[in-house]
Amino acid sequence: DLAYYTMVAEEKTLFEEEFNKEVSIKGPIINDAIITLVSSKSFDSVYTAEGKEELRAEILEKINEQMHELRVIYVYFTEFVVQ
């Protein structure tokens, strides 16, 4: 929500708390969607930088399908291991 950037500190805190609460509640559903998506990919499809960007976009879409009121705007990979 672009309004986030114009909120005062107290409003941002409440917004972040609501977001974190929804993510915590839907965490298992989100994790399952991500694991199902990632396990459907081949090594060749995620090995390249373009493949990783495509996967990032697909993960973002899957998460946002589960988040009805709030939206994730970016996905970061902190680890990336392929076998």
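Reply: What follows takes the salt bridges one by one. The model is predicted. The count comes to three salt bridges.

Start with helix 1, which spans residues 9-39. Here the side chains of E22 and K26 meet in a salt bridge, at 3.7 Å from N to O. The two residues are four apart, about one turn of the helix. E22 is buried because its relative accessible area, 12%, falls under 20%. K26 has 17% relative accessibility and also counts as buried.

Next comes the pair of K41 and E58. Their side chains form a salt bridge with an N to O distance of 2.9 Å. K41 lies in the loop between helix 1 and helix 2 (43-47), while E58 belongs to helix 3 (residues 49-66), so this pair ties together parts that are 17 residues apart in sequence. K41 is partly exposed, with a relative accessible area of 26%. E58 is partly exposed as well, at 21%.

Helix 3 also holds the pair of R56 and E53. Their side chains meet in a salt bridge at 3.2 Å, N to O. R56 and E53 are three residues apart, about one turn of the helix. R56 is buried, with a relative accessible area of 14%. E53, in contrast, is partly exposed at 41% relative accessibility; that value lies between the 20% and 50% cut-offs.

Notes: Residues numbered from 1 in each chain as written. Predicted model: local features only at pLDDT ≥ 70, side-chain atom pairs only at ≥ 80, totals over all residues. Heavy atoms only, no water. Salt bridge = Lys/Arg side-chain N within 4 Å of Asp/Glu carboxyl O. Buried < 20%, exposed > 50% of the residue type's maximum accessible area, 1.4 Å probe, protein only.
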